[in-house]
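Subject: Handover of a structure and the findings from it

Dear colleague,

Please find the structure below, followed by an account of what was found in it.

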Amino acid sequence: VTRRVVITGCGLVTAAGTELDRVWAALMDGTCFIRPLREAEFVAPGMEGLMGAPVELPASDALDAAVDTDARRDRCAQLALAAARRAFADAALPREARADAGVALGTTMGQERQIADLSDRGAASGGPAAVDAGFGARSDVQRLAGVVAAQEGLGGPVLVNVTACASGNAATAWAYDLVATGTADVMAAGGADTFTRLIYCGFSRMGALSKGICHPFDKDRDGVSFGEGAAFIVLEELEHARRRGARIYAELAGYGISNDAYHLTAPDPNGEGFVRAARQALATTGTDPAAVGYVSAHGTGTQYNDLAEARTMKALFGERAPRVPISSVKSMLGHTNGAASAIENVVCALALVNQTVPPTANLRTPDPEMDLDLVRDKGRPIALDVCLNLSAGFGGFNVCTVLKRAP
Amino acid sequence: VTNERIAITGAGLVTPLGDTPLALHAALLEKKRAIAPLASPLAEEGAAGEARIADFDATRYANVRGMRLYGRATRLGICATKLALVDAGHDAASGGTALPAVDLGIVAATGNGYLETAIEYDRGLATVGPQHTNPALMPIALPSAPGAAIALGFGAKAFSITLADGGASSLDALALGARLLASGRAAACVVVGAFTPAAEAVLAAFRAGALAPADAFRVLDRAHRGTAFGEAGAALVLEPLTRARARGAKLLGVLAGFGTTFTPAPSEPASAETALARACEKALSAAGWSGSDVGLVSAGANGAPAGDRAEAAALARVLGQRGDARTPVTAVKAGLGESVDAAGMVQAIAALVALGEKVAPPIAGLEEPEVAGLGYALAPAAIERRRALVTARSESGSCAALLLSCEESDTHVV
């Protein structure tokens, strides 16, 4: 028996801010937060003129010294915690409901700064001397969710996946299953990532890092712009939410999952795996493709991704593909890696509540292959019942979620 | 979504004490211990030990493109996956029938296995700069690399997810794999755990006082003084029971229940005990079993005094036994060391063989148990009921429990 799963809380930490209303207004306005990064925000060795969409956290989000005395190196835990705290506060979940509640978190490489910190101190002090007693615990990826669970008083499953840039949706899918099958009544699901030099340098060397500001779906798109961020949604069994009178943003109807098994970094150019995941998402949630009113694209702005995604849209929707609104908020918030699809789940939930969909910013000349209904420049009011949130990651990982209007 | 029972149809592993489940079982029966003084260049700091696979050559087990570039944990995972697929009859090259690519999924429990590669790559960035580092190393330095490489290597297109739940990774991964199969996302999946200790993590653990001297490594014993790391790759093939039966597959057992909980204070014995007991109770409740249905415990105890104490107390509470009739408790880390992400999978495989052979391997080096009230296997012990409880804990606070069964009544298709 499958139980219905609804979203009763949202928490966002993005370059556009940390308050849902303000973030939403900025996105609807098509405001781009990608800009030159200051040295205090992020540096990568041997690279200059770095661009990105950094998060500015309120002072009240200062990292507890018990978590780490160095907030710079533990930035990802800080972002995760700030987003989870907001999601739980937003859900107004009573403390007693937390004893069996859990958290599922996805990250691409949330603990990379612990490694960078180690090699920087190693270079300064000569190797092994830089290894302190806390390095093992701090570099443990699960700690990101462990910190959230400890601070928020959760006693249920604490689950972390590292499924590259599909991690946020993979966490959401996992949490969905636990609630849908009755293993848990409440799960927070989301993702977190910060700027990492390993990814900046790697993308730069592969020619996948935009030289300026990313512009997804544009014929002149030249790669990714990165952002920092974290997001959580609180997933709750429908009757559990109703009994406590919780506000319901949207229903998480389910998900689809696949792997390309094609290449370690490149997606299948025809989007074969993407199509399978999206079709599974629609089929397993009993959703007619004709009912999908908005597609939150993975939309990274690389040549490969956007082309594969356009082909996916055509395979999925056929003749209707040019009439299905699609956009990528990565054009404003940057690509936040493991947090991206988690942020986009919040965006879809807010779109369903507000009956408005966000635009792609910086889209000047659409690629002729992208003969889709590209929502551009400003948000668009529409009658919206179903959103499809696509995500993919290095390694051929594809996970798509389906969100529906609150029951 | 169905409540389909999930069967185990193949097992494969590469460990310091053997590269087949039966070889490992035989070594454990003989109380062999693979813990040796650290081979790492960082070893001069102390006399801590670890368990390494001597002369590990991945190409002896599997041949996938790019193998040489992959980190050691990924290679261990690839080898275990191959061996498990062969064992399940899903490997065409060894006379089996390969599944269609879209019907095979991967769940990799290897989240901390990337550390060695990532540290090496990042050190290159910091010292010689990005222009002089090999860009091909970036994707394999990501924590997601093992799941990507294994899916690519074996053409698994149904799904691939990599978990990073530390010591709870393997049991969480089995629960996830079972769930994905039950909801029809694949016809079969390989759940694979892989771990190799990065030198820096070992040194950090040593400096934190968490490691025992190599010659003093004991598990659940009054003389326990800390843990020792060990490397391993271990994998199980899961399939819906009806499907496994229909194709006439050999059944190693079924997954009967899971439980996962969290404690914010994993190093406080009382808190850890309660959380682990709660995980076991959740698993028992999911399976409809009571503590007395358990015929073998494959414990996650690793020699860390507080953890051993908490686990023994939790098991005593859950099993609730009085008098002489006690369920045998084994702890394979006494011979193999702590293989974090892979540990639960190794424990599960050791438990499956033990249930099959109806004999629990003894806990190597255990002379004087610290906590009374459990049926510690001090010598090979007979198993009355072919049902096992496997336990695991993570440093961050997760507690996980898995129930396995080889009883006819459980492997029977209703």
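This is a predicted model: local features need pLDDT of at least 70, side-chain atom pairs count only at pLDDT 80 or more; totals for chains, interfaces and linings use all residues.

D293(B) counts as buried, at 14% relative accessibility; here buried means under 20% relative accessible area, exposed means over 50%, and partly exposed lies in between, with a 1.4 Å probe and protein chains only. The side chain of D293(B) meets that of R385(B) in a salt bridge, at 2.8 Å from N to O. A salt bridge is a side-chain nitrogen of Lys or Arg within 4 Å of a carboxyl oxygen of Asp or Glu. This pair links distant parts of the chain, 92 residues apart: R385(B) is in the loop between β14 (381-382) and β15 (387-393) of chain B, and D293(B) is in the loop between α9 (269-287) and β10 (296-298) of chain B. Helices (H or I, at least four residues) and strands (E, at least two) are DSSP runs, numbered from the N terminus.

Residues are numbered from 1 along each chain as its sequence is written, chains are lettered from A and ligands numbered from 1 in the order in which they are written, and side-chain values use heavy atoms, with hydrogens and water left out.

Further salt bridges

Over all chains, the count comes to 52 salt bridges. One of them joins the side chains of R85(A) and D61(A), at 3.8 Å from N to O. These two residues are 24 residues apart, with R85(A) in helix α2 (residues 75-91) of chain A and D61(A) in the loop between β3 (51-52) and α2 of chain A. R85(A) is partly exposed at 31%, whereas D61(A) is buried at 5% relative accessibility.

The side chains of K219(A) and D220(A) also meet in a salt bridge, at 3.3 Å from N to O. Here K219(A) is partly exposed at 43% relative accessibility, and D220(A) is partly exposed at 41%.

The two chains together

How many residues of each chain are in contact with the other? The contact, meaning heavy atoms within 4.5 Å, involves 71 residues of chain A and 67 residues of chain B. Between them the chains bury about 5500 Å², 64% of it on carbon and sulfur atoms. Buried area is the accessible area (1.4 Å probe) that two parts lose on being put together, summed over both. In chain A, the residues that lose the most area to chain B are L198(A), R205(A) and L264(A), together 13% of what that side buries.

Four salt bridges are counted between chain A and chain B. D100(A) and K282(B) meet through their side chains in a salt bridge, at 3.2 Å from N to O. The largest share of the side of chain A that touches chain B comes from α7(A), with eight residues.

Nonpolar cores

A nonpolar core is a set of buried Ala, Val, Leu, Ile, Met, Phe, Trp, Tyr and Cys residues joined through side-chain atoms within 4.5 Å. The largest one has 271 residues, and L236(B), L238(B) and L404(B) touch the most other members. Leaving aside residues up to four places away in sequence, the residues that L404(B) touches include I8(B), V254(B), W289(B) and V390(B). Another core, of 27 residues, lies apart from the largest one; among its members are L282(A), I326(A), M370(A) and V402(A).

Two buried loop residues

Q111(A) lies in the loop between β4 (102-106) and α3 of chain A. Is Q111(A) buried or exposed? Q111(A) is buried, because its relative accessible area is 1%. Its contacts beyond four places in sequence include D74(A), R138(A) and L144(A), as well as Y114(B).

A156(B) is found in the loop between α5 (145-154) and β5 (159-163) of chain B. At 0% relative accessibility, A156(B) is buried too. Residues that A156(B) touches, again beyond four places in sequence, include N259(A) and A261(A) as well as L104(B) and I106(B). The C-alpha atoms of A156(B) and C189(B) are separated by 8.6 Å, although the two residues are 33 residues apart along the chain.
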